[in-house]
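Biologist: Thanks for sitting down with me over this one. Could you take me through what the labels rest on?

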Amino acid sequence: MARTNGVQDDLTGTEKAAVLLIALGPEKSSVLFKHLKEEEIETLTLEIANTRSVSPQVKDGVLEEFYQICLAQQYIAEGGISYAKNLLEKAFGEEQAQQVIGKLTASLQVRPFEFIRKTDPSQLLNFIQDEHPQTIALILAYLSPAQSAQIVAALPLDKQADVAKRIAKMDRTSPDVIKEVENVLERKLASLVNQDYTIVGGVDAIVGILNTVDRGTEKHIMENLEIEEPELADEIRKKMFVFEDILALDDKTIQRILRDVDSNDLGMALKGSTEEVQNVIFNNLSKRLALMIKEDMDFMGPVRMKDVEEAQQKIVNTIRKLEDSGEIIIARGGGDEIVV
């Protein structure tokens with residue numbers, strides 16, 4: 001992909017991404033790769049490998065375009081489309097600002113209910129608590145987990161599980177429905193709703209909320225879901241605390257957990273984990289036991305991912321059991337330290 005005309009607009013999106021990664025260098029690019037999907041990494045790796053030379057003009061153009069888009073995204077997050085457009089016009093001129101905003105709005109969905117994402121949750125609660133549970137679920141699905149957690153925790157007990165269930169089972173919502181709800185909350189933002197069907201909610205959305213609420217609220221919701229929707233409750237529970245979250249625990253907590261973990265399960269679980277997780281675990285074992293598990297892992301050879309996941313889930317279940325019994329406490333709702 002040799003370019004000599006210095007016009008980065010001739011490049012495809014993939015080509016621009018490859019040029020950007022080359023320009024950033026291996027250290028910064030490797031950080032970006034951590035946030036990409038496997039197929040995206042493969043596509044970009046192939047594109048970078050096939051890139052023979054890039055002119056300084058093209059490189060500078062791609063970097064400048066990337067900077068402008070990042071700036072625009074920041075402005076949109078701070079104050080919306082109009083705010084971003086005004087600031088970009090002052091910085092780059094009207095034509096360039098329009099181009100940048102156009103690229104973003106073509107590829108980036110502007111989330112509905114943006115105006116309430118900056119609203120204090122306690123004020124928003126007064127505004128929506130008397131709405132139908134489905135309406136509350138739709139609104140909460142668009143908010144951050146921290147905002148939604150505060151609102152869910154403050155809802156009447158009989159509504160908490162109902163709203164949680166509706167968020168978890170939500171899949172696609174018609175733009176007309178979103179418009180109708182948004183018009184009630186804020187008429188002026190109805191025009192920002194994307195015209196395509198918008199994917200919202202789902203199990204991951206409610207997991208993010210439940211991981212943030214206080215333990216009492218979480219237990220109440222899960223107990224109700226286990227009665228009404230046992231399969232859904234099981235799916236949610238499996239995602240509530242994943243094996244890699246061990247990295248967020250302190251050494252004393254990890255040591256307590258490891259006392260209840262079978263060494264065979266631990267070896268299998270670590271076989272498919274990151275080096276960072278392995279180091280944290282080994283640092284909290286005796287040298288003799290750590291060496292024994294490392295030898296067992298080497299002896300295993302290749303293992304099935306299914307077996308790794310089952311072993312990791314056993315350890316997660318142990319962690320949940322210890323938390324339920326009060327032997328360990330995992331930080332919730334905004335960052336209290338983990339204690340034992």
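Modeller: Gladly, and let me begin with Lys-314, which has 47% relative accessibility and counts as partly exposed. This is a predicted model, in which local features need pLDDT of at least 70 and side-chain atom pairs count only at pLDDT 80 or more, while totals for chains, interfaces and linings use all residues. Residues are numbered from 1 along each chain as its sequence is written, and side-chain values use heavy atoms, with hydrogens and water left out.

Biologist: Why is Lys-314 called partly exposed?

Modeller: Buried means under 20% relative accessible area and exposed means over 50%, with partly exposed in between (1.4 Å probe, protein chains only). Lys-314 has 47%, so partly exposed is the label.

Biologist: What makes Lys-314 and Asp-265 a salt bridge?

Modeller: The term asks for a side-chain nitrogen of Lys or Arg within 4 Å of a carboxyl oxygen of Asp or Glu. For Lys-314 and Asp-265 the closest N and O atoms are 3.7 Å apart, and the pair qualifies. Lys-314 sits in helix H19 and Asp-265 in helix H16 (residues 263–271), so the bridge ties together parts that are 49 residues apart in sequence. Helices here are DSSP runs (H or I, at least four residues), numbered from the N terminus.

Biologist: How do you know that the length of H19 agrees with its number of residues?

Modeller: The expected span of a helix is 1.5 Å times one less than its number of residues. H19 has 20 residues and should span 28 Å; its end C-alpha atoms are 28 Å apart, so the two agree. After H19 comes Gly-326, with a positive phi near 85°.

Biologist: Which residues are linked with Arg-256 in a network of salt bridges?

Modeller: Asp-260 and Glu-327 are the residues joined with Arg-256 in that network. The closest N and O atoms are 3.2 Å apart for Arg-256 and Asp-260, and 2.6 Å apart for Arg-256 and Glu-327. Arg-256 belongs to helix H15 (residues 251–258) and Glu-327 to the segment after H19 (305–324), 71 residues away. The structure holds 9 salt bridges.

Biologist: What makes a group of residues a nonpolar core?

Modeller: Such a core is a set of buried Ala, Val, Leu, Ile, Met, Phe, Trp, Tyr and Cys residues joined through side-chain atoms within 4.5 Å. The largest one has 33 residues, of which Leu-140, Ile-206 and Ile-236 touch the most other members. Helix H8 (133–142) is one of the elements that give two or more residues to this core, and its 7 residues are the largest share. Another core, of 27 residues, lies apart and has Ile-246 and Met-268 among its members.

Biologist: Which residues is Phe-33 in contact with, leaving aside its neighbours within four places in sequence?

Modeller: Contact means heavy atoms within 4.5 Å, and for Phe-33 the list is Leu-21, Ile-41, Leu-44 and Thr-45. Phe-33 is in helix H2 (residues 26–33), and its relative accessible area of 21% makes it partly exposed.
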